[in-house]
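Please open the structure in your viewer and keep the selection panel at hand.

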Amino acid sequence: MTHVFVETNWVVEYAAPAHARVREAMALAQKAASGEVRLHVPSVCLGEARYPIRTKFHPRRPAEAVRNYMAWAMAEGTVNAEEGGVARRVLDRYETSV
C-alpha cells in the first residue's frame, strides 16, 4: 500500500467549501477512501488549516459586499425588487452552505 503524507495546504484544499475545493485534493481523498492509498495527516496540519479556512472562505465578506451593492443599486433604480430578492436568496444559500 502506498503511504501519502499530506500537509496543511492539502487540508485547506480538501476542507474548503464545496465551490472552492481543489479537484486533486478530493481525488486523493477518494483514493484513500477506496483503500488505494493510506493518508497520513500530521495533527499540526489540522490546527494550521483552521486559520486560512476561516479567513479565506468566510462567507460574510463577499456576501456583505454584494448585499451593500444590491441595497445601493435598488435605491438607484438599476436593480428591481425581483432581482434583489433573487440575489438575497442566493446569498442566503451561499452563507448556509459555507
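**First stop: threonine 8**

Select threonine 8, which counts as buried because its relative accessible area is 11%, below the 20% cut-off for that class. Please bear in mind that the model on display is predicted.

Which residues does threonine 8 contact, leaving aside its neighbours within four places in sequence? Select Cys45, Glu48 and Ala49 to display these partners of threonine 8.

**Second stop: the elements**

Now select the protein chain and colour it by secondary structure. Followed from the N terminus, the elements come in the order β-α-α-β-α-α-α.

**Third stop: the whole chain**

Along the principal axes, its C-alpha atoms fill a box of roughly 60 × 25 × 15 Å. The radius of gyration of the chain is 19 Å, whereas a compact globule of 98 residues would have a value near 13 Å.

If contacts are displayed, consider those with a separation of 6 or more: 67% of them join residues 24 or more positions apart.

**Last stop: surface and charge**

Switch to a surface view. The protein chain exposes about 7,000 Å², of which carbon and sulfur atoms supply 55%. Of the 98 residues, 24% are buried.

Finally, colour the side chains by charge. The chain carries 13 positive and 11 negative side chains, and the centres of these two sets are 6 Å apart.

Key: Residues are numbered from 1 along each chain as its sequence is written. This is a predicted model: local features need pLDDT of at least 70, side-chain atom pairs count only at pLDDT 80 or more; totals for chains, interfaces and linings use all residues. Side-chain values use heavy atoms; hydrogens and water are left out. Buried means under 20% relative accessible area, exposed over 50%, partly exposed in between (1.4 Å probe, protein chains only). Contact means heavy atoms within 4.5 Å. Helices (H or I, at least four residues) and strands (E, at least two) are DSSP runs, numbered from the N terminus. The radius of gyration is taken over C-alpha atoms; the globule rule is 2.2 Å times the number of residues to the power 0.38. Accessible areas come from the Shrake-Rupley method with a 1.4 Å probe; for residues, only the protein chains shown count as cover. Lys and Arg count as positive and Asp and Glu as negative; His and the chain ends are not counted. The place of a charge is taken as NZ of Lys, CZ of Arg, CG of Asp or CD of Glu.
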